[in-house]
Amino acid sequence: MLADTPYADMGDAELADFLAAWEEWHCRALARFPHPHRIHPTAEIHRTALIGEDVIIGPGVRVWEFSTVRSGSVLSAGVSVGFNCEVTRSFLGEGTILGHRIGLNRTLVGDQAHLSANVTVAAISMWSPHLSMPEREIRFRAPGGIYRCGTPRFGALLGDGVQTGNNVSLGPGLAVGRESRIASGVTLAGRTLPERSTVTAPHTAEAHVRQRRR
């Protein structure tokens, strides 16, 4: 569906350039698919799910109960959005799976990624004076120095095949390389991870357990 839209060239775009043009690109893509043809006829949308009028949904997509997809999002072919998720102005690549209770905001996800339950990607720096009207530009550490996104709203770029555990908090300002793994309980923002990285956090298996005396 996206072959004749600007999204077909997003793989060649610099991240900051794409973020600056994202809204315009999406408007041009919407012109290619007049409503209601923005939802492919093979997509399965649960009757309790809420889908914005400016959302593009590809073939074979499934959106489960009580999920919301809004504000210029794109769900590519074969995407699955689980129970009670919220996807806002995000792009999900082909075959990507969102588990239950996922929250994505202004996030780009590659093909065949898998995010488990209770993953949140934030897009606004808490250091902005007013979170409802963010001003602080999102930046993150990159191999060449500080990368400037040119916008106060950006969550994360998650590459092809990225997988996460549950209860993970990501962003704002994060780029995760292809085939990386992020374990449960991780909080991560403001940096890049090379491809095939593994990120872990202290787990309950490492906790000290003492038995009380009677």
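## A walk through the predicted model

Start by selecting Ser-76, which sits in the loop between strand S6 (74–75) and strand S7 (80–81). Helices (H or I, at least four residues) and strands (E, at least two) are DSSP runs, numbered from the N terminus. You are looking at a predicted model: local features need pLDDT of at least 70 and side-chain atom pairs count only at pLDDT 80 or more, while totals for chains, interfaces and linings use all residues. Residues are numbered from 1 along each chain as its sequence is written, and side-chain values use heavy atoms, with hydrogens and water left out.

Back to Ser-76: with 9% relative accessibility it counts as buried. Buried means under 20% relative accessible area, exposed over 50%, and partly exposed in between (1.4 Å probe, protein chains only). Show what surrounds Ser-76 and, setting aside residues up to four places away in sequence, you get Leu-2, Gly-58, Val-61, Phe-91, Leu-92, Gly-93 and Glu-94. Contact here means heavy atoms within 4.5 Å.

**The parallel sheet**

Now colour the strands. An open sheet of 8 strands runs in the order S1-S4-S7-S10-S13-S18-S21-S24, with parallel pairing. Strand S1 (44–45) and strand S24 (198–199) are the edges; each has a single partner strand, so one side of each lacks a neighbour in the sheet. Two strands pair if DSSP finds at least two bridges between them. Zoom in on strand S21 (residues 181–182), which pairs with S24 in the parallel sense over 2 bridges. There, Ile-182 stands opposite Val-199 in S24.

**Into the cores**

Next, select Leu-75, Val-81, Leu-92, Leu-98, Leu-104 and Leu-170: they have the most contacts inside the largest nonpolar core, which has 34 residues. Strand S14 (119–121), strand S17 (156–158), strand S19 (168–170) and strand S20 (174–176) each put at least two residues into this core. A second, separate core has 22 residues, including Ala-16, Trp-25, Ile-138 and Cys-149. A nonpolar core is a set of buried Ala, Val, Leu, Ile, Met, Phe, Trp, Tyr and Cys residues joined through side-chain atoms within 4.5 Å.

Stay with Leu-170 for a moment. Ignoring neighbours within four places in sequence, Leu-170 touches Thr-120, Val-121, Ala-122, Leu-158, Ile-182 and Leu-188.

Hop along to Pro-172, in the loop between S19 and S20. The peptide bond from Gly-171 to Pro-172 is cis, with omega near 5°. Most residues other than glycine have a negative phi, and most peptide bonds are trans. Which way does phi go at Gln-112? Positive, near 55°, in a residue other than glycine. You'll find Gln-112 in the loop between strand S12 (108–109) and strand S13 (114–115), exposed at 54% relative accessibility. Arg-196 also isn't a glycine, and has a positive phi of about 60°. Arg-196 is in the loop between strand S23 (191–193) and S24, and counts as exposed at 60%.

**Salt bridges**

Switch to charged side chains. Counting a side-chain nitrogen of Lys or Arg within 4 Å of a carboxyl oxygen of Asp or Glu as a salt bridge, the total comes to 9.

- Glu-24 and Arg-28: the closest N and O atoms are 4.0 Å apart. Both residues lie in helix H1 (residues 15–32), 4 residues apart, about one turn of the helix.
- Arg-62 and Glu-44: a salt bridge at 3.7 Å, N to O. This pair links distant parts of the chain, with Arg-62 in strand S4 (residues 62–63) and Glu-44 in strand S1, 18 residues apart.
- Arg-178 and Asp-160: the closest N and O atoms are 3.8 Å apart. Arg-178 is in the loop between S20 and S21, and Asp-160 in the loop between S17 and strand S18 (163–164).

Then select Glu-137, Arg-139 and Arg-148, which salt bridges with shared partners join into one network. Arg-139 and Arg-148 are also bridge partners across strands, the latter in S16. S15 (139–142) and strand S16 (residues 145–148) run antiparallel, joined by 4 bridges, and form a hairpin with 2 residues between them.

**Last stop: the surface**

Finish at Trp-127, in the loop between S14 and S15. Trp-127 is exposed, with a relative accessible area of 63%. Together with Met-126 and Leu-131, Trp-127 forms a nonpolar surface patch with about 410 Å² of accessible area. Patches are made of residues with over 30% relative accessible area and no salt bridge: like charges are joined within 9 Å, nonpolar side chains (Val, Leu, Ile, Met, Phe, Trp, Tyr) within 5 Å. Accessible areas come from the Shrake-Rupley method with a 1.4 Å probe; for residues, only the protein chains shown count as cover.
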